Amino acid sequence: MIINFRGTLKELLRPQFRGLGSIAYELTRRASVKDIIEALGVPHTEVGRLIVAGREISFAAPGAGDETLEVYPLSPPVDVTTPTVLRPIPLPGITFAVDMNVGKLATLLRMAGFDTLYRNEIADPDLVAVAVREKRILLSKDTDLLKRKEVVFGYLVREIQPEKQLTEIVHLFGIREQFKPLSRCLRCNALLQPVEKRQILNRLEPLTQTYYHAFHRCPCCDRIYWPGTHRAKMLLLLTRCGA
Ligand SMILES: [Zn+2]
């Protein structure tokens, strides 16, 4: 069969095919189009649409020797809450599970207010299991992790620099309007709760006591947050993300 990879998907193909738009694939066994695409190097999470003869098909469709398969990348904004042919059971909302290889991105997503699971030293099967169970989008730089069959919603982070990674994710999922800065603990992901200044006065530095009046506390780790904590960094991020 002939397989045409579109756009950025060409860069994910195995080295011998990289950059080629069109591949003549010899079918030697019965295989689903998902298996064929992944054998050529592209994780299924990166595919937005599969078209054969003008008709959209699912990952489970069998490859056929006389067909031409068009493989399109995810097209922003990707709405994971709406059913598609490739992913018929949508997610209830936008939450993330972040792999260790993009750990700093987890902190930035929490800073922007997104529910983001991140654990140090978690094994790949456990990360996949918790992402699937908790209906989270799995973000990683590991193509093999994203090829796991249990993963439905995931994304291969392309950028290297964490702030650019955040911009990449915000653009892909179209979630700029959902930013809620200073709503979540950067360390434990818990939602922050307002706390009276007088209750925590003895824990504040003199300048903070003088200049800040609204405070939040993490119910898990008891860390205190106020607008000075990371406001400047957040504003910079918002600017870079196109705010
Ligand atoms: Zn905390």
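**Exercise 1.** Decide whether Cys 218 is buried or exposed.

Solution. Cys 218 has a relative accessible area of 2%. Buried means under 20% relative accessible area, exposed over 50%, and partly exposed in between, with a 1.4 Å probe and protein chains only. Cys 218 is therefore buried. Cys 185, at 0%, is buried as well. The model is predicted: local features need pLDDT of at least 70, side-chain atom pairs count only at pLDDT 80 or more, and totals for chains, interfaces and linings use all residues. Residues are numbered from 1 along each chain as its sequence is written, and side-chain values use heavy atoms, without hydrogens and water.

**Exercise 2.** State how many disulfides the model has.

Solution. A disulfide is a pair of cysteine sulfur atoms within 2.5 Å. By this rule, the count is 0.

**Exercise 3.** Describe how domain 1 and domain 2 meet.

Solution. Start with the bounds, which come from an automatic or database domain assignment: domain 1 covers 2-73, domain 2 covers 96-178 and domain 3 covers 193-226. Over C-alpha atoms, the centres of domain 1 and domain 2 lie 24 Å apart. Next, take contacts (heavy atoms within 4.5 Å): 11 residues of domain 1 touch 11 residues of domain 2.

**Exercise 4.** Find the salt bridge between domain 1 and domain 2.

Solution. Look for a side-chain nitrogen of Lys or Arg within 4 Å of a carboxyl oxygen of Asp or Glu. The count between the two domains is 1 salt bridge. Arg 158 pairs with Glu 46, with the closest N and O atoms 2.9 Å apart.
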